[in-house]
Amino acid sequence: MLSPNLESFIRALPKAELHLHIEGSLEPGMVFELARKHGVTLKYPTVEALRAAYDFSDLQSFLDIYYAGADVLRDADDFHAMTMAYLRRAHADGVMHSEIFFDPQTHTDRGIAMGTVIDGITRALDDAKREFGLSSRLILCFLRHLSEEAALQTLEQALPYRDRIVAVGLDSSERGHPPEKFSRVFAKARELGFLTVAHAGEEGPAAYIRTALDELKVSRIDHGVRCEEDPALVRRLAAEQIPLTVCPLSNTRLKVFSRMADHNIGRLLEQGLCVTVNSDDPAYFGGYVLANYLAVAEALSLSRAQIAQLARNSITASFLDEPSKQHWLSRLDAIASAAS
Ligand code: ADE
Ligand code: ZN
């Protein structure tokens with residue numbers, strides 16, 4: 001059989017996306033459309049000028065623009081339109097399951113009700129399941145630059161929507177805001193039956209990965225690439241098969257690695273870690289999940305077997321039930337072996 005080109009090979013592999021901030025999928029065109037709809041004056045006169053501002057030096061320089069962009073989201077239809085646009089793109093990339101972060105505090109602090117945010121997002125999740133069979137889960141993230149008290153209040157506000165949220169997570173400015181700042185919030189969330197994940201070791205030290213595991217009892221680490229600074233931690237992540245949701249284009253755009261050729265995902269894969277490929281904030285970082293796979297495959301000369309392993313990891317590391325995981329893993333193995 002003729003081997004398909006790399007792009008069609010990756011697209012055909014069933015993939016789960018496990019690290020996607022829905023507010024980070026808000027494309028500049030939609031920012032302008034929603035600004036017009038709501039009579040909001042933007043700081044940038046054109047789509048091109050806004051796009052030109054996406055030249056980041058670190059995580060904080062990105063977050064400042066990301067939170068400003070989210071200000072145009074005002075009603076449930078806006079959240080629905082943004083989420084639907086992401087799900088269509090993910091589907092086109094061969095994503096069959098997506099676990100989506102949302103940042104309620106970014107909206108509730110502007111006077112938008114929790115119910116407005118969740119209603120718009122979940123309507124799109126249901127539409128995508130019905131229209132093109134893409135399954136999903138929703139993960140509520142606490143903003144770590146805000147207080148423990150604010151996170152506890154947010155958890156309380158989310159309780160009426162408990163059945164639509166699978167897990168809680170932790171994002172925003174990492175340095176100076178260690179996971180243990182939220183130990184009590186995460187303990188309460190676990191008591192309520194939520195799974196837990198946390199961003200750790202993106203810009204922050206490897207020690208934050210350890211406290212996310214030991215204090216927050218997370219099922220996965222979001223990013224985690226700085227684990228390499230602690231070889232004993234790398235051995236633990238491999239032994240316990242703790243998934244890392246790695247975001248290659250994000251890491252180069254936010255200068256975690258200066259070039260894709262320097263990215264450590266290939267080394268971590270070779271050491272047996274359960275690493276996965278994700279897009280983080282695709283509207284800001286230059287590509288959705290397929291572009292992320294292609295970027296690492298090309299820069300690190302990954303083999304097709306290694307690429308298939310990354311997709312396999314994404315299914316294993318998801319919060320899907322066991323029969324669904326087995327279904328997608330056997331589909332993936334059939335596609336990967338037909339192409340080799
Ligand atoms: N919020 C959105 N994207 C993020 C990232 N890459 N790190 C931390 N918080 C975020
Ligand atoms: Zn992220």
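**Note on the cavity, the ligand and the pockets**

1. In this predicted model, the count comes to one cavity of 30 Å³ or more. The volume of the largest cavity is about 110 Å³, and the space taken by ligand 1 is this largest cavity, where a cavity is understood as a set of points at which a 1.4 Å probe fits but from which the probe cannot get out.

2. The lining of the largest cavity is made up of 14 residues, and those that lie nearest its centre are His21, Leu59, Phe62, Leu63 and His199. Helix H4 provides the largest share of this lining, namely five residues. Sorted by class, the lining of the largest cavity holds five nonpolar, four polar and five charged residues.

3. Around ligand 1 itself, the residues are His21, Leu59, Phe62, Leu63, Tyr66, Asp171, Ser172, His199, Glu202, His223, Asp280 and Asp281. Four residues of this shell come from helix H4, which spans residues 59-69 and gives the most to the shell. The shell around ligand 1 divides by class into four nonpolar, four polar and four charged residues.

4. In the case of His21, a polar side-chain atom lies 3.4 Å from a nitrogen atom of ligand 1. As for cover, ligand 1 on its own has 260 Å² of accessible area, and the protein covers 100% of that area.

5. Turning to the open pockets, the largest pocket has a volume of about 220 Å³. Its lining consists of 15 residues, with Leu42, Lys43, Tyr44, Ala68 and Gly69 lying nearest its centre. Helix H2, residues 28-38, and helix H4 each supply at least two residues of the lining of the largest pocket, and the largest share, three residues, comes from H4. By class, eleven nonpolar, two polar and two charged residues make up the lining of the largest pocket. The second largest pocket has a volume of about 160 Å³. Of the 13 residues that line the second largest pocket, Gly94, Val95, Met96, Trp328 and Arg331 are the closest to its centre.

6. Strand E2, residues 95-102, and helix H17, residues 322-339, each supply at least two residues of the lining of the second largest pocket, and H17 gives the most, with three residues. The class counts for the lining of the second largest pocket are nine nonpolar, three polar and one charged.

Definitions and conventions: Residues numbered from 1 in each chain as written. Chains lettered and ligands numbered in written order. Predicted model: local features only at pLDDT ≥ 70, side-chain atom pairs only at ≥ 80, totals over all residues. Heavy atoms only, no water. Near = heavy atom within 4 Å. Polar contact = N/O pair within 3.5 Å; in protein donor to acceptor, adjacent residues only side chain to side chain. Areas by Shrake-Rupley, 256 points an atom, 1.4 Å probe, with all protein chains shown as cover. 1 Å grid on protein atoms, 1.4 Å probe; cavity = no way out; pocket = protein on both sides within 12 Å on 5 of 7 lines; lining within 4 Å. Sits in = over half its atoms within 2 Å of the grid points. Nonpolar A, V, L, I, M, F, W, Y, C, P; charged D, E, K, R; others polar. Points joined across faces, edges and corners; volume = space filled by probe spheres on them.
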